[in-house]
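Work through the exercises below with the model open beside you. Try each task before reading its solution.

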Amino acid sequence: MQKNLVIVESPAKAKTLEKFLGKDYKVMSSYGHIRDLKKKEMSVNLDDFSPEYEIPADKEYVVRELKKAAEKAETVWLASDEDREGEAISWHLSQVLGLDPKAAKRIVFHEITKTAILEAIEKPRTIDMGLVNAQQARRVLDRIVGFKISPVLWKKLKPSLSAGRVQSVAVRLIVEREKEIECFKSESVYRVSAVFMVDGQPIKASLAHGFKTEQEAEAFLADCQNKEFTITDIEKKPVKKSPAPPFTTSTLQQEAARKLGFTVSKTMIVAQHLYESGHITYMRTDSVNLSSLCLNTTKEEIVKTHGAKYSKPRKFHTSAKGAQEAHEAIRPTYISEHEIAGNAQEKRLYDLIWKRTVACQMADAEAEKTTITISADDVNFTATGEVITFDGFLRVYRESYDDDAQTDDAEGLLPVVKKGEKLQMNEMVATQRFTQHPLRYTEASLVKKLEELGIGRPSTYAPTISTIQQREYVEKGDKKGEERSYEVLRLSNNKIKKTTKKEIVGKEKGKLMPTDIGTVVNDFLIQAFPEIVDYNFTANVEKDFDEIAEGKENWQQMMRDFYGKLEPMVDATLQEKGEHKVGERYLGDEPGTGKPVSVKIGRFGPMVQIGVANEEEKPRFAQLNKGQSIATITLEEALELFKLPRTLGEYEGSEVSVGTGRFGPYVQHCKKYVSIPKDVDPMAMDLETAVKLIEERKKAEASAHLKTFEEDAEMEVMNGRFGPYLKYKGANYKLPKSVKEPEKLTYEECMAIVTKGKTKK
C-alpha cells in the first residue's frame with residue numbers, strides 16, 4: 001500500500017515535486033480540471049443556480065487512474081495551485097475521488113522548492129470553500145451571460161456569435177478607442193528650438209510655448225533676428241530615480257511585451273514552464289510582496305556583486321484591491337541562480353524576472369539635473385541636461401514604457417556656463433508639429449487598462465485577450481501610415497528660410513483593432529445590455545467575487561440578483577422589432593435601377609446588399625474586400641464589388657472568369673475554383689495571369705496523385721502535407737516506414753496495408 005499520494009495540476013509540476021519527495025510519496029497529475037460544466041448545455045439549475053458538472057470524455061482515464069491510486073493510499077495530498085482555480089480543482093478531486101475531507105489534506109506553495117514543499121506538508125489545511133465558491137460564481141455567471149445573450153446575437157445579427165462578460169468589455173475598450181481615433185482632428189503647432197554657442201560649444205534650447213500659425217512663428221523668428229541672448233538663470237538640483245516594484249502578472253505581461261516582444265499568452269506559457277521547473281514563484285499574482293528570505297538573499301547577492309552602497313532593502317505594498325491570487329510577487333526561487341537551463345524564451349523571461357527582482361532591492365539612481373534659462377527681453381529659452389552621478393539600480397535594470405509614456409533617458413551634458421554670460425545665437429528653427437491621435441491598444445497596454453479599471457484578475461487577462469481575437473471581434477495588425485507635409489522655418493545668418501519636408505505618420509505595429517463584426521456586436525450590446533458591458537458593473541462583479549472568496553457574501557444570492565436584472569433585458573431585446581438589421585448602413589441608390597445599396601453583417605461576415613428581401617427580384621450580395629469596413633465604405637466602392645464575376649476569355653475551350661465568394665476572390669475554369677493570392681487585384685487580373693494560376697493548381701493536383709489501380713478505382717496512392725499515404729473508400733491509411741517508393745506499390749501490397757490499418761482501428 002502506498003503511504004502518500006500527492007495530486008498536482010500538471011505533469012511538469014509532478015516531475016519537479018518527485019525530485020524533492022522521497023519514495024514514500026507518489027506524485028500524479030490531474031491535467032487541470034477533471035470536472036466542468038457540460039459543453040453544449042447551460043448546465044446551471046436556474047432555481048438555485050447550482051452547477052451541473054460532468055467528467056469530460058478526455059478526462060475519464062485520468063479519473064480512473066487517480067481513483068485507483070487514491071484507494072491504495074493512506075493519505076491523499078491535494079497540491080493544486082494556490083489561487084481560486086486551483087482550490088476548485090482540489091474540491092472537484094475530493095468530490096470525484098470520494099475523499100473524506102479529514103483524510104484529504106490540502107497543501108499550497110507558491111514556489112516549487114524543497115523547503116516550501118516540506119513546510120506545506122508540515123502545515124496542511126482543509127479546502128477553502130470561500131475560494132471554491134468564488135470560482136463557481138465566476139464560472140456560473142459567465143455561463144449564464146454566454147447562454148442567454150449569445151442566442152440574442154444569433155437572432156439579431158448572425159449565427160455563431162457569442163458574448164462574454166469580461167471579453168465584451170475588453171472589445172468595448174478597443175472599439176471606443178477606434179472611434180476616438182476616427183473623430184480625432186489633428187491640429188498643428190509650430191515648436192521653436194534654438195542652438196546657442198558658448199566658447200565654440202553648442203547649447204540646444206527650446207521655447208516653452210508654440211505658435212498656432214506660420215505667420216506667428218515667422219514673426220517671432222524675425223523679432224529674434226537682432227536680439228542679444230544672455231544666461232539669466234542656472235539651476236542645479238539633485239534628482240533620484242527609484243526602481244519599479246517586483247513583477248505581478250500584469251506588469252510581467254506588459255514588460256515582456258515591450259522588452260521581449262512576447263504576446264500576453266506567450267508570457268504566461270513561458271512563465272508557467274519556469275514555475276513548474278522550480279525556477280520562479282507562482283506566476284498568477286497581483287501582490288508585490290517579497291518574502292523575508294528573498295529580501296535577505298537578494299541583499300547578500302547585491303553586496304557580493306556590486307558592493308554595500310548598491311544595496312537598499314525595500315518592502316513593497318500591494319495596492320490592488322482584493323489582491324488574493326497569491327501572497328508574493330513573481331521572483332526567482334533562488335536569487336543566486338543568475339541563469340537557468342532552458343530554451344531561449346525561458347532564459348530571456350527568467351533574465352527579465354531576475355533583473356527586476358534584484359533592481360527593486362538596489363539603491364536609488366542619483367543624477368544632477370541642470371536647467372539653464374537663456375533670455376532676451378521677454379523671450380525665454382530653456383536648456384536641460386542630466387548627468388547620472390550614481391547609477392544605483394540602473395546598473396542592472398531600466399524599466400520600459402508604452403509609446404505614450406515618458407522615458408527616463410538622461411538628456412546628457414551641458415557646457416560649463418555662468419550667469420550673465422552672453423551667447424551667440426547660431427540658428428533658430430520653428431518646426432510645424434501635429435497633435436497625435438490616441439494610440440491604439442497593444443496587448444500589454446490593454447492589460448494595463450483592464451487592471452486600472454479593476455476588470456478581470458491575473459488569471460483572466462491572457463485568456464480574455466486570446467478569446468476576443470479567436471472570435472474575430474478584434475484583430476492584431478499593422479497600420480502603414482500616411483505621408484504628410486510639414487513646414488520648417490529656419491533663421492540663420494539673419495535670414496529666414498522656409499522649406500517643406502515630408503514625414504510618415506500614423507504608422508503602428510502589432511496594435512489591436514476592432515473588426516466590423518466586433519464593432520457591430522459592441523454597439524448592439526451597449527444598446528441592448530448596457531449594464532453587462534458597463535465598466536463599473538464589471539469591476540463591481542469582480543469585487544463581489546472577492547467578497548465571496550472571503551466568506552462575506554453568498555454566491556447563489558449574487559447569482560439571483562444578477563439573473564433578476566438580466567432576464568428582463570433578454571426578453572425585451574428579443575421582442576423588439578427593428579426596421580433595419582442591427583449594424584446595417586444605407587449608402588445610397590444603385591444608378592439605373594434606383595435600388596437601395598446598404599452594408600451589414602451577413603452570414604459570412606461584412607457584405608454589401610443591393611435591393612431588399614421582400615421584392616420579387618432577390619437582392620444581390622457581395623463580400624467586402626480585405627481592408628474595407630462597413631463604417632467607412634462609400635457607395636462607389638460598394639458598387640465596384642458587383643463588377644465581379646467578369647469573364648476574362650477562353651482557355652482550352654472553356655470560359656475563364658473571376659469572381660468573389662465566401663473565402664475571397666477566385667478564378668473559375670471547368671467548374672473548378674482557384675483562389676487568387678492576396679497581392680493580386682481581381683479587378684485588374686488578365687487572362688494570362690489567370691491561366692498561370694490554373695496551371696499551377698493542375699500541377700499541384702497531379703503531384704498529389706502518385707498512383708491509381710485498374711483493379712479498384714477507389715484505391716489510390718496520394719501525396720499529402722505530411723508525405724505519401726493510401727486513400728481507400730473515403731478513408732486514409734498511413735504507409736509503413738519500410739515503404740521507400742510508394743509509387744511502386746502493387747494493389748495486393750496496398751490491400752494488405754488497408755487490412756492491417758482496419759485491424760488496428
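## Exercise 1: An open sheet

Strand β7 (residues 75–78) pairs with β8 in the parallel sense over 3 bridges. The model is a predicted one.

**Task.** Find the residue that stands opposite W77 in β8. Then give the strand order of the open sheet of 4 strands, and name its edge strands.

**Solution.** 
1. Start at W77. Opposite this residue, in β8, stands K105.
2. Extend to the whole sheet. The order is β2-β1-β7-β8, and the pairing is parallel.
3. Look for strands that pair on one side only. These are β2 (25–29) and β8 (104–106), the edge strands.
4. From one strand to the next, the average is 25 degrees.

## Exercise 2: Salt bridges across the chain

**Task.** Which residues form salt bridges with R106, E111 and K148? State for each residue whether it is buried, partly exposed or exposed, using the limits of under 20% for buried and over 50% for exposed.

**Solution.** 
1. Take R106. This residue forms a salt bridge with E87, with the closest N and O atoms 2.9 Å apart.
2. R106 is in strand β8 and E87 in helix α3 (residues 84–96); the pair links distant parts of the chain, 19 residues apart.
3. Check burial. R106 counts as buried because its relative accessibility is 1%. E87 has a relative accessible area of 0%, so E87 is buried.
4. Take E111. The salt bridge here is with R331, and the closest N and O atoms are 2.5 Å apart.
5. E111 lies in the loop between β8 and α4 (114–122), and R331 in the loop between α10 and α11, so the pair ties together parts that are 220 residues apart in sequence.
6. Check burial again. E111 and R331 are both buried.
7. Take K148. The side chain of K148 meets that of E567 in a salt bridge, 3.5 Å from N to O.
8. Apply the limits. K148 is buried because its relative accessible area is 19%. E567, at 22%, is partly exposed.
9. The salt bridges come to a count of 40. R138, D142, R165 and E542 are linked in a network of salt bridges.

## Exercise 3: A threonine in a loop

**Task.** Where is the place of T333? Is T333 buried or exposed? What does its side chain reach?

**Solution.** 
1. Locate T333. Its place is in the loop between α10 (292–306) and α11 (344–359).
2. Judge accessibility. T333 counts as buried because its relative accessibility is 10%.
3. Follow the side chain. T333 reaches the backbone oxygen of G278 at 2.7 Å.
4. Survey the contacts, leaving aside neighbours within four places in sequence. T333 is in contact with E111, T113, G278, H279, I280 and T281.

## Exercise 4: The nonpolar cores

**Task.** Which residues touch the most other members of the largest nonpolar core? Which helix gives the largest share?

**Solution.** 
1. Begin with the core itself. Of its 121 residues, F109, L349 and F529 touch the most other members.
2. Find the largest share. Helix α5 (residues 129–156) supplies 10 residues.
3. Turn to F109. Leaving aside its neighbours within four places in sequence, F109 is in contact with K13, L17, A79, E82, A116, I117, A120 and Y275.
4. Look beyond this core. A second, separate core of 28 residues includes V192, A194, M428 and A430.

Note on methods
Residues numbered from 1 in each chain as written. Predicted model: local features only at pLDDT ≥ 70, side-chain atom pairs only at ≥ 80, totals over all residues. Heavy atoms only, no water. Core = buried A, V, L, I, M, F, W, Y, C linked by side-chain atoms within 4.5 Å. Buried < 20%, exposed > 50% of the residue type's maximum accessible area, 1.4 Å probe, protein only. Helix = DSSP H or I, 4+ residues; strand = E, 2+ residues; numbered from the N terminus. Contact = heavy atoms within 4.5 Å. Polar contact = N/O pair within 3.5 Å; in protein donor to acceptor, adjacent residues only side chain to side chain. Pairing = 2+ DSSP bridges. Axes fitted to C-alpha atoms, helices over the stretch in contact; angles between N-to-C directions. Salt bridge = Lys/Arg side-chain N within 4 Å of Asp/Glu carboxyl O.
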